[in-house]
Amino acid sequence: MEKLKILIVEDESLIALALKHSLIRAGYEVCELVASGEQAIESAKKESPDVILMDTRLRGGMDGIEAARQIGNFSSATIIFTTGYQYPSLKGRAMALNPAAYLVKPVEIYEIEQAIHSARKTQD
């Protein structure tokens, strides 16, 4: 079975590196790490990931929700939002995109894997 390719979009480098190492240990392929919405769009075009772990607040002028919306125009990647914020308005905007999950940090690897497996079951 081919490894799932995951794009991590996270502006906190320590969190991004920890996620990357955990996902690699769990058997996933991890794309380059990116920290802005603009980079996320370019990387999604270039890498064609199966799953995108998308922080809601990012560097640059575009948040993760807008980046995910734009990526959805050309990609069928599973989106999993990760956030340190629990504002209802933010969650509402994110959930309008029908992500596989909306996870509040700190996020554990088993939560990500659970969201991936649930999303893949509904796609089959």
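Reader: Which residue stands opposite threonine 83 in β5?

Author: Valine 104 stands opposite threonine 83. This is a predicted model, where local features need pLDDT of at least 70, side-chain atom pairs count only at pLDDT 80 or more, and totals for chains, interfaces and linings use all residues. Residues are numbered from 1 along each chain as its sequence is written, and side-chain values use heavy atoms, with hydrogens and water left out.

Reader: How many bridges pair β4 and β5?

Author: β4 and β5 pair in the parallel sense over 4 bridges. Two strands pair if DSSP finds at least two bridges between them. Strands (E, at least two residues) and helices (H or I, at least four) are DSSP runs, numbered from the N terminus.

Reader: And β3 with β4, parallel or antiparallel?

Author: Parallel, over 5 bridges. Valine 51 stands opposite threonine 78 in β4.

Reader: What's the strand order in the whole sheet?

Author: The order is β2-β1-β3-β4-β5, an open sheet of 5 strands with parallel pairing. β2 (29-30) and β5 (101-104) are at the edges with a single partner strand each, so one side of each has no neighbour in the sheet.

Reader: Which residue of β2 is the bridge partner of isoleucine 6?

Author: Valine 30. Strand β1 (residues 5-9) and β2 run parallel and are joined by 2 bridges.

Reader: Back to β4. How many of its residues are buried?

Author: 6 of 6, so β4 is mostly covered; buried means under 20% relative accessible area, exposed over 50%, and partly exposed in between (1.4 Å probe, protein chains only). Both faces are covered, with Thr78, Ile80 and Thr82 buried on one side and Ile79, Phe81 and Thr83 buried on the other.

Reader: Which strands does helix α3 lie across?

Author: Helix α3 (residues 64-71) lies across β3 (51-55) and β4 (78-83), at about 155 degrees to β3. Helix α4 (residues 88-95) packs on the sheet, touching β4 and β5, and its direction makes about 150 degrees with that of β5. Axes are lines fitted to C-alpha atoms, for helices over the stretch in contact, and angles run from 0 to 180 degrees between N-to-C directions. Contact means heavy atoms within 4.5 Å.

Reader: Is the β3, α3, β4 unit right-handed or left-handed?

Author: β3, α3 and β4 make a right-handed β-α-β unit. β4, α4 and β5 also make a right-handed one. Right-handed means that, with the strands pointing away from the viewer, the path from the first strand over the helix to the second runs clockwise.

Reader: New topic, leucine 23. Where is it found?

Author: Leucine 23 is in helix α1 (residues 13-25). Leucine 23 is buried, with a relative accessible area of 0%.

Reader: What does leucine 23 touch?

Author: Not counting residues up to four places away in sequence, leucine 23 touches Ile6, Ile8, Tyr28, Val30, Leu53, Ile109 and Ile112.

Reader: How many helices and strands in the protein chain?

Author: 5 helices and 5 strands. From the N terminus on, the elements run β-α-β-α-β-α-β-α-β-α.

Reader: What share of the residues count as buried?

Author: 45% of the 124 residues of the protein chain.
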